[in-house]
Amino acid sequence: MIRRTFDTPESPLLDEVRDVLDALDPMPDDLVEEVKFALTVRLLNAEVAALTAAAVPALRTIAESPPSITFSSASLSVMLGVSEDDRGLLRLDGWVTHGGAEVSVHRPEVTSTPLARAVTDSHGRFVLDELPHGRMCFVIRTGPAHGPSRPAIVTQVIEL
């Protein structure tokens, strides 16, 4: 965290107030990452798809009971089935309500470089595999076949 020093007669008092506020109400660890992600979404002029359904196994491994996750926005829905291979890497079998859409998965702190990318088939199906566990979000871009140029759709960040 960047700490600003004050060069005024009140500096010691302001430093003390800052320290008290930091102790009573510390900044959340992931706040900087979340703000960067929110700014990136705004710069993309993107629509946000909210998490609408998640069936995550309780006290079971992904292999025993794969979770399913659904995101929805005003213009489309994305459904994901999550499984894990024998190396502990994730495979996401998904479906988007538009065929021919591009789906990419990103780390929220590195939104410019995707971890993986896939184009949906004519039925909206896609697969993203060999993904590491961690925080991620999805960016969906639909092509001109689905109407005039549309903004990208970005999902909320989830932990897989």
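Visitor: How do you know that strand 8 and strand 10 pair?
Guide: This is a predicted model, and in it two bridges join strand 8 to strand 10, residues 158-159. Pairing takes at least two bridges, so these strands count as a pair. They run antiparallel, and Arg135 stands opposite Glu159 of strand 10.

Visitor: What makes strand 8 and strand 9 a pair?
Guide: Again, count the bridges! Strand 9 covers residues 153-155, and two bridges link it with strand 8 in the antiparallel sense. The cut-off is at least two, so they pair. Here Ile140 stands opposite Ile153.

Visitor: And how many bridges join strand 5 to strand 8?
Guide: Five, with the strands running antiparallel. Since at least two are needed, strand 5 (residues 102-106) and strand 8 pair too. For instance, Glu102 has Arg141 in strand 8 as its bridge partner.

Visitor: Why is strand 8 called mostly covered?
Guide: Strand 8 spans residues 135-141, and five of its seven residues are buried. Buried means under 20% relative accessible area, so those five each fall below that mark.

Visitor: Now over to helix 2. Why is Leu31 called partly exposed?
Guide: Leu31, which sits in helix 2 (residues 31-44), has a relative accessibility of 35%. Buried is under 20% and exposed is over 50%, so 35% lands in between: partly exposed.

Visitor: What makes Leu31 open enough for a nonpolar surface patch?
Guide: Patch residues need over 30% relative accessible area, and Leu31 has 35%, so it clears that cut-off. Together with Met27, Val32 and Val35, Leu31 makes a nonpolar patch of about 310 Å².

Definitions and conventions. Residues numbered from 1 in each chain as written. Predicted model: local features only at pLDDT ≥ 70, side-chain atom pairs only at ≥ 80, totals over all residues. Heavy atoms only, no water. Patch = residues over 30% accessible without salt bridge, like charges linked within 9 Å, V, L, I, M, F, W, Y side chains within 5 Å. Areas by Shrake-Rupley, 256 points an atom, 1.4 Å probe, with all protein chains shown as cover. Salt bridge = Lys/Arg side-chain N within 4 Å of Asp/Glu carboxyl O. Helix = DSSP H or I, 4+ residues; strand = E, 2+ residues; numbered from the N terminus. Buried < 20%, exposed > 50% of the residue type's maximum accessible area, 1.4 Å probe, protein only.
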